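Student: I would like to understand how the words used for a structure follow from its values. Could we go through it together, one term at a time?
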Amino acid sequence: MEEEKRLELRLAPPCQQVTSNNNINESTQRSLTKETAFVFNNSGLLSKLVNVEDVMYVSTANDKGDRSHGSPPHTRQLKYEEICAPRVEEFCLMTDNTYTRDQVLEMENQVLAHFSFQIYTPTPKTFLRRFLRAASSYLSQRRLELEFLASYLTELTLIDCRFLKFLPSVIAASAVFLAKWTLDQSNHPWNLTLEHYTTYKTSDLKASVHALQDLQLNTRGCPLGAIRMKYRQEKFKSVAVLISPKLLDTLF
């Protein structure tokens, strides 16, 4: 876990450069993430793909090439993760054949060159697994619901550029905090065990937890519903319909 902590500090998406790219705005980023979430149901892989997309925006995109950024991370990450990766032509279909096979491969080469072929980076999911193990014993009867809810909250951050300023481990810890608070207000959602394993005190998480609750309650009216629809399903315990009560100042 210490190595992942070092990596997240070194490889975190530079949000100032992302937001300064005139060709990539929040709407474009959300659209690509929605497309990614719709096609890839594996939440761990989804986090990795979107992380690659976010960092990739640092490089200059031409006016016509915004959407062409979507397929190369998918292609590259699936080649990295899967035994039998889909063919490039299948990713061309994702863009409604807007881009040819050669164009997708060329963009893939640019992505790899930008990363110097170092494509692994910790995501919130990397830390969430460990943090949930530390938290689940305190809510054993609703362990599965806690895991689904924390995963849901973590995935919601993928469609909001504001969360690029938070480290992946902070997002994961905040998701556990808010998930526990959503499910049980009779006990404080944080304790010494979680503080030990996450290395974060409640005061460290205040800003991120509040931002995450705004996202959970959809206070900004984001129209993208793929992730919310996914977690409304019974197999995910319908955690997307749960809402958290007001966060008290005494929690932090």
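Tutor: Of the 252 residues of the protein chain in this predicted model, 54% count as buried, where buried means under 20% relative accessible area, exposed over 50%, and partly exposed in between, with a 1.4 Å probe and protein chains only. Residues are numbered from 1 along each chain as its sequence is written. Because the model is predicted, local features need pLDDT of at least 70 and side-chain atom pairs count only at pLDDT 80 or more, while totals for chains, interfaces and linings use all residues; side-chain values use heavy atoms, with hydrogens and water left out.

Student: Why is D160 called buried?
Tutor: D160 has a relative accessible area of 2%, and the limit for buried is under 20%, so the word applies.

Student: What makes the pair R162 and D160 a salt bridge?
Tutor: The term requires a side-chain nitrogen of Lys or Arg within 4 Å of a carboxyl oxygen of Asp or Glu. For R162 and D160 the N to O distance is 2.8 Å, and R220 also forms a salt bridge with D160, at 3.7 Å between the closest N and O atoms. R220 lies in the loop between α12 (202-217) and α13 (226-230), and D160 in the loop between α9 and α10 (168-183), so this pair ties together parts that are 60 residues apart in sequence.

Student: Why is R220 called partly exposed?
Tutor: The relative accessibility of R220 is 47%, which falls between the 20% and 50% limits, so the middle class applies.

Definitions and conventions. Helices (H or I, at least four residues) and strands (E, at least two) are DSSP runs, numbered from the N terminus.
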